[in-house]
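Open the model in your viewer and keep a selection panel ready.

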Amino acid sequence: MAHYEEIEIDQGADVAIEVHLINSTTQLAKDLTNHSVYAKMKKSYNSDSADSLDFTAIIAVPETSGIINLTLTNAQTDTLKSGRYLYDAEIHYLDSDSQLIVERVIEGRITVTPSITR
């Protein structure tokens, strides 16, 4: 089950979110070698692609650190209307049978606060 986290974003500001993943069995950093990460925010679960925004999502080096970074530029957040959004991030990898495994690692709500200075 994904970790739930509420986040606040300032409209028109750069955003960087660092997520540390832990292997639940060993309690050590999750090895993300040969993994991919994807993250998106939407106004609602049923929003279409026009009402969603993809984070730039990368796995930090070294991949064995278990860290993923999710970022948005100030230009991206400037286009957001103030209010509440939903988000999640997933890691994807192939298991030993070459089957795609998708694991949601974090999810929650984002509150976008309006900007006065533009």
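Which element gives the largest share of the lining of the largest pocket? Strand 4 does, with 5 residues. The coordinates are those of a predicted model.

**Stop 1: the pocket.** Select Lys40, Lys42, Leu86, Tyr87 and Asp88, which lie nearest the centre of the largest pocket among its 17 lining residues. Then colour strand 4 (36-42), strand 8 (83-94) and strand 9 (100-113), the elements that each give two or more residues to this lining. The space in the largest pocket comes to about 340 Å³.

**Stop 2: the whole chain.** Zoom out and switch to a cartoon. The protein chain has 1 helix and 9 strands, in the order β-β-β-β-β-β-β-α-β-β along the sequence. Its C-alpha trace spans about 50 × 30 × 20 Å along the principal axes. Of contacts with a separation of 6 or more in the protein chain, 64% are between residues 24 or more positions apart.

Now show the surface. The protein chain exposes about 7600 Å², with carbon and sulfur atoms supplying 49% of that area. Of its 118 residues, 34% count as buried. Colouring by charge shows 9 positive and 18 negative side chains, and the centres of these two sets lie 10 Å apart.

**Stop 3: asparagine 69.** Select asparagine 69, in strand 7 (residues 67-72). Is this residue buried or exposed? Asparagine 69 counts as buried because its relative accessible area is 19%, and the cut-off for buried is under 20%. To see its contacts, leave out residues up to four places away in sequence and display Ile17, Glu18, Thr56, Ala57, Ile58 and Ala60.

**Stop 4: a cis peptide bond.** Go to the loop between strand 6 (56-59) and strand 7, where proline 62 lies. The peptide bond joining valine 61 and proline 62 is cis, with omega about 0 degrees.

**Stop 5: two positive phi values.** Asparagine 34 is in the loop between strand 3 (15-20) and strand 4. Its phi is near 65 degrees, a positive value in a residue other than glycine. Asparagine 34 counts as exposed because its relative accessibility is 71%, and exposed means over 50%.

Next select serine 98, in the loop between strand 8 and strand 9. Serine 98 is not a glycine, yet its phi is positive, at about 60 degrees. With a relative accessibility of 55%, serine 98 also counts as exposed.

How values were computed:
Residues are numbered from 1 along each chain as its sequence is written. This is a predicted model: local features need pLDDT of at least 70, side-chain atom pairs count only at pLDDT 80 or more; totals for chains, interfaces and linings use all residues. Side-chain values use heavy atoms; hydrogens and water are left out. Helices (H or I, at least four residues) and strands (E, at least two) are DSSP runs, numbered from the N terminus. Buried means under 20% relative accessible area, exposed over 50%, partly exposed in between (1.4 Å probe, protein chains only). Contact means heavy atoms within 4.5 Å. Accessible areas come from the Shrake-Rupley method with a 1.4 Å probe; for residues, only the protein chains shown count as cover. Lys and Arg count as positive and Asp and Glu as negative; His and the chain ends are not counted. The place of a charge is taken as NZ of Lys, CZ of Arg, CG of Asp or CD of Glu. On a 1 Å grid over the protein atoms alone, a cavity is a set of points where a 1.4 Å probe fits but cannot get out, and a pocket is an open set with protein on both sides within 12 Å along at least five of seven lines; lining residues have an atom within 4 Å of a point. Grid points are joined across faces, edges and corners, and a volume is the space filled by probe spheres set on the points.
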